[in-house]
Amino acid sequence: MFLWFHKLGSPPHFYRIAGKWIPWLSWIFLALLLAGLYGGLILAPPDYQQGESYRIIFVHVPSAWMSLFIYVVMAFCGIVIIVWRMKLAEVVLISSAPIGASFTFLALVTGSLWGKPMWGTYWVWDARLTSELILLFLYLGVIGLHNAIEDKRVAARAVAILALVGVVNIPIIHYSVEWWHSLHQGASLSKFDKPSMPPSMYVPILIMALAFQVYYVLALFHKCRVELLQRERNSKWVGEL
Amino acid sequence: MLAKVCAHWLVTGLPLLLVAPLLAEMLGMSSQAQPVLLLTILIGTPILSLIGAIGVALTVGLRKGGIILSLLVLPLYVPVLIFAASAIENAAMGFDVSAQIYMLLAFLLLSLSLSPWATAAALRMSVS
């Protein structure tokens, strides 16, 4: 197990493995995306209160989940960087930041597009919305700090510390709808309760979430390969490619 | 590390604490909210200094550190502001504020125990 982990951590090995996985992941992503969109936009019935416009949740909810998930991945990479100084973790952390920022942005935009017909406003300074916006700034801070430091190994350590400090925000975002009586509704899906919507609605959400998850890994592999080539451009294995 | 943060708090947090009752009176804040205002400032400003220390330590070696510093630190300040503001809002309406105060105290203890460690790690990285 540890040997496998160690081997995966070596840049040339990861480069090869990721390259092999990319075509498979692309097809899986495409299939899941089409299935999720078909189930969400065509099969699922309209909501009895919100009509057709609730359908944006099939993009909004998965991307909001991803925005939190990717940050947790980054914080985990931060621990690995600080404790084991693993090069691959640095690459994963840095490559995750723009993807996470995009998902956060997507969640904010789709949320505000949904908010206009439902709440009558694009934006309220509400706990959930504000903390999601903070998450976007955290991602931008990670990207900015990484760009500002010349030496990329030093930059990775700085970013790791920042990612770990910022992880305090994740539970705040997650529980904001329960701690404050916010305009944003509570969670409709949870592991322990029966979901408060019929399967024809929550199954497409789960499929879309899976599709976004696969997309994240796919985009991460692409970005990591480029980042690895850039960092290791003077090494022997890159010369052999 | 803690001594430096303390010194910073003495020149930034403490004056704010002293001037706050005057400002609250001038802005017409209700008298029942004023003790809560002072309490939240007393608990909150050390947290801000402690978080700021991490941000400064991360950016100390950079030439254009200023903008990045605010980008790093301001998002981390917001939870403190949310809880403090909600405590004062509740106090002004005559509700219980202990939940928010406990949350702020938890933040204070967390940042007091973890921030010097993170600041030290960041400084070690910045000067090496």
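The lining of the largest cavity has eight nonpolar residues, one polar residue and no charged residues. In this classification, Ala, Val, Leu, Ile, Met, Phe, Trp, Tyr, Cys and Pro are nonpolar, Asp, Glu, Lys and Arg are charged, and the others, including Gly, are polar. This is a predicted model, in which local features need pLDDT of at least 70 and side-chain atom pairs count only at pLDDT 80 or more, while totals for chains, interfaces and linings use all residues. Residues are numbered from 1 along each chain as its sequence is written, chains are lettered from A in the order in which they are written, and side-chain values use heavy atoms, with hydrogens and water left out.

Which residues line the largest cavity? From chain A come A:Leu162 and A:Val165. From chain B come B:Ile51, B:Ile54, B:Gly55, B:Leu58, B:Leu72, B:Val73 and B:Leu76. Helix 2 of chain B gives the most to this lining, with four residues; helix 3 of chain B and helix 6 (152-166) of chain A each supply at least two. Helices here are DSSP runs of H or I with at least four residues, numbered from the N terminus.

The space in this cavity is about 40 Å³, and the count of cavities of 30 Å³ or more is one. A cavity is a set of points on a 1 Å grid over the protein atoms alone where a 1.4 Å probe fits but cannot get out, and its lining residues have an atom within 4 Å of a point. Volume is the space filled by probe spheres set on the points, which are joined across faces, edges and corners.

I turn now to the interface. Chain B contributes 21 residues to the contact and chain A contributes 22, contact meaning heavy atoms within 4.5 Å. About 1,800 Å² is buried between the two chains, 89% of it on carbon and sulfur atoms; this is the accessible area (1.4 Å probe) that the two parts lose on being put together, summed over both. Between chain B and chain A there are zero salt bridges, a salt bridge being a side-chain nitrogen of Lys or Arg within 4 Å of a carboxyl oxygen of Asp or Glu.

Over all chains, the structure holds four salt bridges. One of them joins the side chains of A:Lys87 and A:Glu232 (3.6 Å, N to O). A:Lys87 lies in helix 4 (residues 87-119) of chain A and A:Glu232 in the loop between helix 8 (199-231) and helix 9 (236-240), so this pair ties together parts 145 residues apart in sequence.

Note on methods
1 Å grid on protein atoms, 1.4 Å probe; cavity = no way out; pocket = protein on both sides within 12 Å on 5 of 7 lines; lining within 4 Å.
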